Amino acid sequence: MLILSILILVLIYVGLRFCISSKYNKKYNMLILFGSGGHTYEMLMTLKNYDFQKKCQNLYFMHSFADSQEPERVAKFIEDNKIALPKVEWITIHRSRKVKQSYLSSIITTIKATLHTFLILLRFRDLDIFITNGPGTCIPVVIVLIGQYILFIRKRCKILFIESWCRVENLSLSGKLLYWISDKFVVNWESLKKKYKRATFVGNLI
């Protein structure tokens, strides 16, 4: 009886170790959105020390048709950081709102961008994490990821929102919209953490 009890305890211990090890050693399918100009610079600076080889299985980069220069900048980042994964793929979608476009007319373009993104992301149902730092293009993507999950089209994809470095006192429009929706909301300034309690402050990421 004693031997049986010890054997059961050993099996439970080994099982727990295996579960914990699997959780922390899991590699993720990651989608990273790049906006125009400063958004791309901030994202690349944020990711420069991330260990893609250890944590990432497949890596997907996303940008809008209007942000045509971003793939070249990201390609250099991949080369400089020697990122070699089974799959590194670009996804191109429509932008929901152009620079200086009125908020009223952007409602129509956002709907169009959302429908287009819905169809595009049907091909990428293995996503585990979506990372964005606030370009307007992220809104349709988040709507689609949540909508497809609710409709049982995809598994749950966690949303990591990193607020722009230039936002010191107040959140961006995208930040305000996704503050309660994102799984983790990261800010670059302690002043924002004090104002928005749900946010996570991990120091200046740039």
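A residue is called buried when its relative accessible area is under 20%, exposed when that value is over 50%, and partly exposed in between. Keep those cut-offs in mind as we walk through this structure, which is a predicted model.

Thr 46 sits in helix α2. Its relative accessible area is 23%, so Thr 46 is partly exposed. Along the chain, Thr 46 and Leu 205 are 159 residues apart, but their C-alpha atoms are separated by 5.4 Å.

Now step back and look at the whole chain. The secondary structure of the protein chain consists of eight helices and seven strands. Of its 206 residues, 38% are buried. The accessible surface comes to about 12,200 Å², and carbon and sulfur atoms account for 65% of that area. If you take the contacts between residues at least 6 apart in sequence, 70% of them join residues at least 24 apart.

Let's return to helix α2, which spans residues 38-47. Which residues of this helix are buried? They are Thr 40, Glu 42, Met 43, Leu 44 and Leu 47.

For α2 and α4, the angle is about 15 degrees and the axes are 11 Å apart. Since angles under 35 degrees count as roughly parallel, α2 is therefore roughly parallel to α4. Their crossing is right-handed. On the α2 side, the residues that meet α4 are Thr 40, Tyr 41, Leu 44 and Leu 47, and on the α4 side they find Glu 70, Arg 73, Val 74 and Phe 77. Sorted by type, the residues of this contact are five nonpolar, one polar and two charged.

Helix α5 (residues 103-121) packs with helix α6 (residues 138-150) at an angle of about 50 degrees, and their axes are 9 Å apart. That angle makes α5 oblique to α6. The crossing of α5 and α6 is right-handed. From α5, the residues in the contact are Thr 110, Ala 113, Thr 114, Thr 117, Phe 118 and Leu 121, while α6 brings Pro 140, Val 141, Ile 143, Val 144, Leu 145 and Gln 148. In this contact, eight residues are nonpolar, four are polar and none is charged.

Next, let's visit some loops. Phe 124 is found in the loop between α5 and β4. Is Phe 124 buried or exposed? Its relative accessibility is 3%, so Phe 124 counts as buried. Leaving out residues up to four places away in sequence, Phe 124 touches Tyr 60, Glu 89, Ile 91 and Arg 154. Take Arg 154 from that list: Phe 124 and Arg 154 are 30 residues apart in sequence, and their C-alpha atoms are 8.7 Å apart in space.

Ser 182 is another loop residue, placed between α7 (173-178) and β6 (184-187). Ser 182 is buried, because its relative accessible area is 1%.

Most residues other than glycine have a negative phi. Lys 82 is not a glycine, yet it has a positive phi of about 50 degrees. You can find Lys 82 in the loop between α4 and β3 (87-93). With a relative accessibility of 68%, Lys 82 counts as exposed. Phe 152 is not a glycine either, and its phi is positive at about 60 degrees. Phe 152 lies in the loop between α6 and β5 (158-162). Its relative accessibility is 78%, so Phe 152 counts as exposed.

Methods. Residues are numbered from 1 along each chain as its sequence is written. This is a predicted model: local features need pLDDT of at least 70, side-chain atom pairs count only at pLDDT 80 or more; totals for chains, interfaces and linings use all residues. Side-chain values use heavy atoms; hydrogens and water are left out. Axes are lines fitted to C-alpha atoms, for helices over the stretch in contact, and angles run from 0 to 180 degrees between N-to-C directions. Helices (H or I, at least four residues) and strands (E, at least two) are DSSP runs, numbered from the N terminus. Angles under 35 degrees count as roughly parallel, over 145 as roughly antiparallel, 65 to 115 as roughly perpendicular and the rest as oblique. A crossing is left-handed if the near helix is turned anticlockwise from the far one by less than a right angle, and right-handed if clockwise. Contact means heavy atoms within 4.5 Å. Ala, Val, Leu, Ile, Met, Phe, Trp, Tyr, Cys and Pro count as nonpolar, Asp, Glu, Lys and Arg as charged, and the others, Gly among them, as polar. Buried means under 20% relative accessible area, exposed over 50%, partly exposed in between (1.4 Å probe, protein chains only). Accessible areas come from the Shrake-Rupley method with a 1.4 Å probe; for residues, only the protein chains shown count as cover.
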